[in-house]
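Open the model in your viewer and get ready to select side chains.

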Amino acid sequence: MEDRFVLTAGVRCAHQGQPVIVRHIQDLTHIVVETVAGHAIIVAPQHLQPLPSQEPTPPEHDTYQFAPVEAQRIALARYAIIQPLLQKRIPATVLAATLTQHQISEATLRRWLQAYQRAGLTGLLKHKPAGGKQRSRLPSQREHVVQAAVRQYFSLQQPCAKHIYDTLCLTCNQQQLPPPALNTLRRRIAQFPQEERIRRRLGAQAAREQCQPLRTSTLQPTNPLEVVEIDHTLLNIVLLDEQTHQPVGRPWLTVALDIYSRMVIGFYLSLELPGASGTGLCLAHAILPKETWLAQRNIEGEWPCWGVMKSLHLDNAKEFHGTMLLRACEQYAIQLQYRPPGQPQYGGHVERLIRTLKYRIRHIPGAYFSARKERRTYRPQAHAIFTLPAFEKWLTTYLIGVYHRKKHATLGTSPVYCYEQGILAPGGHGVPARPMNERQVQLDFLPFVERTIQRYGVVIDHLHYFDHVLRSYITSSAEAGRSTRRPKYIFRTDPRDLSRVYFLDPVTREYHPIPLADLRQGPFSVHTKREALRRLRLQQSPSVRVQENQVFAAMQELQQQEQLVQQQVAARGQRSRTPTSRSHRRLRQEAMIQHPSLIEHTKPTPSEQPVGAQPLAAVTESCSPRVRVKHPFPDLDDGASHLLNS
């Protein structure tokens, strides 16, 4: 109920900021008031204001409406008592009769009248006495001890209230003070707002995430490819090596998502940590058409996404602030937008996509479980079945066949339909321009280094590259003289194949492939090279400089180890097909006795013979051909009868 201003004779109010007293009400438009100087003046009611109160203004809501039913009943009973006494002077006889009838005091009656005139029925509600609420009743010395315990509770170590109470009791015992109750300490802690408690114990970020309201997304694109989010994630699955079929680790995924349609317009999958190379390859994959890429991987389906996006929405990772990305985006007129640091909710679209992908990957062999109890009994390395190319094909099939065509909860339709309508519908920006030179786009988004060209070529990460294209620039570098700095040129590297780099001709602005100076080396990835360098650094001291021939020797050693593992895997497969049960071994020995020609073809290797076992030839010599073995179940075939019939 709103506050009211009642004008009656004797009421104190304000006129033009000065206090006055209402003496007589002539009519609805003329009121006689007396000023402080004792002068009587006639004013209009709208010129009178209530005197400013020193009490705090009550909140603007109807307390009576939300009061309990019992409290409302008591307020109505009080109103029935004071209703005959409103808007008039109270005769002494009426006042005495009212007090006698309702068994209340005069002070109580006048307090009800003032409360009703001030706040209406809300003022007649029965209020619980405040007493000492939010105030301490403990002596000052004990209160200081409690406050010290509360400060100890608000620490980043996050101690529990029971532990703090034990420390409080110890302090009180040392100071010969009676300890307060545990609930006293908990009430002191509860006096602080929840946001402050979380901030002082868990940090500002946790308080912001748990207490502050989520703001609506500021990214409101009106067309496809207007805003694209990109992010990295470590997928929850173990992959196998293509050659040895041994577990090699979990892959990293860099994915680009169109905010308008929720279409995945490109991604890059690798075993390497995310960096500038993964970001560039993902963006190149997003910009280029996908028909050739799908055909190379024998994937059936449509992925109608190509074209240069208008803006990229990124977090503050180091690779997103690199020179390669800045130059490439300037060249293609792509605007970069960065999220506020430490606030992942501003990239919620791509984060939600990553969660969807991980949930689907969770149900295939070799996936990691999120619950720790489930991971105790399940070993993903033992159940892994996918290699990197096979998993890339599976992921692409899921994206273009399932995710793009399922109904999106936010859009109300499928992402591919929303994408097509945003492009082809009236008001759309039309079909994006298709890049004609795919190789140029791929090279523009590859990481680059700047190197001088020497007579022996160029050295990049301990590897020598040379081609006849560099001859003219060797001469120009030599003509520059030793007194000036030699010019540097741009060389781009592809992490998937380090057997060649790409030289940007500063005159024609074209890229030329520059192979390794040692043409005997075939293609190899950055993963193989880093493993070879790691082995060399373990074998040599840090002061020894790594040579190119040492890197190639380490890579050859890795290839030999891979071939050896392949042979061991094949040998294990052969041994798994040999008879292992007792009946199989018995029938095999009988077959060797009857057919000695089988001994040379089936002689086990020394690794297969158990320790202390006799050679097969000694067994055959000790067994006489006339010895007949009695078969307990001659009618049953135990799976080794083919050895006797051969």
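Start with Arg339 and Glu351. They form a salt bridge, with the closest N and O atoms 3.8 Å apart. (A salt bridge is a side-chain nitrogen of Lys or Arg within 4 Å of a carboxyl oxygen of Asp or Glu.) Arg339 sits in the loop between β12 and α12, Glu351 in helix α12, twelve residues apart. Helices (H or I, at least four residues) and strands (E, at least two) are DSSP runs, numbered from the N terminus.

Before moving on, note that this is a predicted model: local features need pLDDT of at least 70, side-chain atom pairs count only at pLDDT 80 or more, and totals for chains, interfaces and linings use all residues. Residues are numbered from 1 along each chain as its sequence is written, and side-chain values use heavy atoms, leaving out hydrogens and water.

Now colour by accessibility. Buried means under 20% relative accessible area, exposed over 50%, partly exposed in between (1.4 Å probe, protein chains only). Arg339, at 6%, is buried. Glu351 is partly exposed at 31%.

Asp231 lies in strand β6 (residues 228–234), so the pair ties together parts 108 residues apart in sequence. Asp231 is buried too, like Arg339. Shared partners join Asp231, Arg339 and Glu351 into one network.

Last stop: select Glu291 and Arg434, another salt bridge (3.5 Å, N to O). Glu291 is in helix α10 (residues 291–296) and Arg434 in the loop between α16 (415–424) and α17 (438–444), so parts 143 residues apart in sequence are tied together. Glu291 is partly exposed at 44%; Arg434 is partly exposed at 40%.
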